[in-house]
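Here are a few exercises to work through with the model open beside you. Try each task before reading its solution.

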Amino acid sequence: ATASPWPTVGASGGLFGVMLVFALLFPKAKIVPLIPPIPMPAWLFVTLYGVIELTMGLTGAQPGVAHFAHIGGMLGGFLALLSFRARA
């Protein structure tokens, strides 16, 4: 694949933020990912996915994927949750 001369914008960081907040609010909710199709609690799924994203970002795996934007989205979701809780 060749690099695109045009910048792209995605929403995956925001989705990762929503995913983290869901896992913090409902840690025991069962999630069944497509691969592997094994039921697991939300906290475990999000933790594993976050570790995978961090590892792939640090090792440079899957070039062209903004792994650190995903981690940043998780951080943003966490900070937003803290902000909402502080107001309540």
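**Exercise 1: how two helices cross**

Task: find the handedness of the crossing of α1 and α2.

Solution. The crossing of α1 and α2 is left-handed; that term applies if the near helix is turned anticlockwise from the far one by less than a right angle, and right-handed applies if clockwise. Helices here are DSSP runs of H or I with at least four residues, strands are runs of E with at least two, and both are numbered from the N terminus.

Next, take the geometry. α1 and α2 pack at an angle of about 145 degrees, and their axes are 8 Å apart. Axes are lines fitted to C-alpha atoms, for helices over the stretch in contact, and angles run from 0 to 180 degrees between N-to-C directions.

Then look at who touches whom, with contact meaning heavy atoms within 4.5 Å. From α1 come Phe-16, Met-19, Leu-20, Phe-22 and Ala-23, which meet Ala-42, Trp-43, Phe-45, Val-46, Tyr-49 and Glu-53 of α2. Sorted by class, this contact has ten nonpolar, no polar and one charged residues (Ala, Val, Leu, Ile, Met, Phe, Trp, Tyr, Cys and Pro count as nonpolar, Asp, Glu, Lys and Arg as charged, and the others, Gly among them, as polar).

A word on the source: this is a predicted model, in which local features need pLDDT of at least 70 and side-chain atom pairs count only at pLDDT 80 or more, while totals for chains, interfaces and linings use all residues. Residues are numbered from 1 along each chain as its sequence is written, and side-chain values use heavy atoms, with hydrogens and water left out.

**Exercise 2: the core**

Task: which residues make up the largest nonpolar core?

Solution. Start with the term: such a core is a set of buried Ala, Val, Leu, Ile, Met, Phe, Trp, Tyr and Cys residues joined through side-chain atoms within 4.5 Å. Buried means under 20% relative accessible area, exposed over 50%, and partly exposed in between (1.4 Å probe, protein chains only).

The ten members are Phe-16, Met-19, Leu-20, Ala-23, Ile-31, Met-40, Ala-42, Phe-45, Val-46 and Met-74.

Finally, follow Met-74: beyond its neighbours within four places in sequence, Met-74 contacts Gly-13, Phe-16, Gly-17, Met-19, Leu-20, Val-46 and Gly-50.
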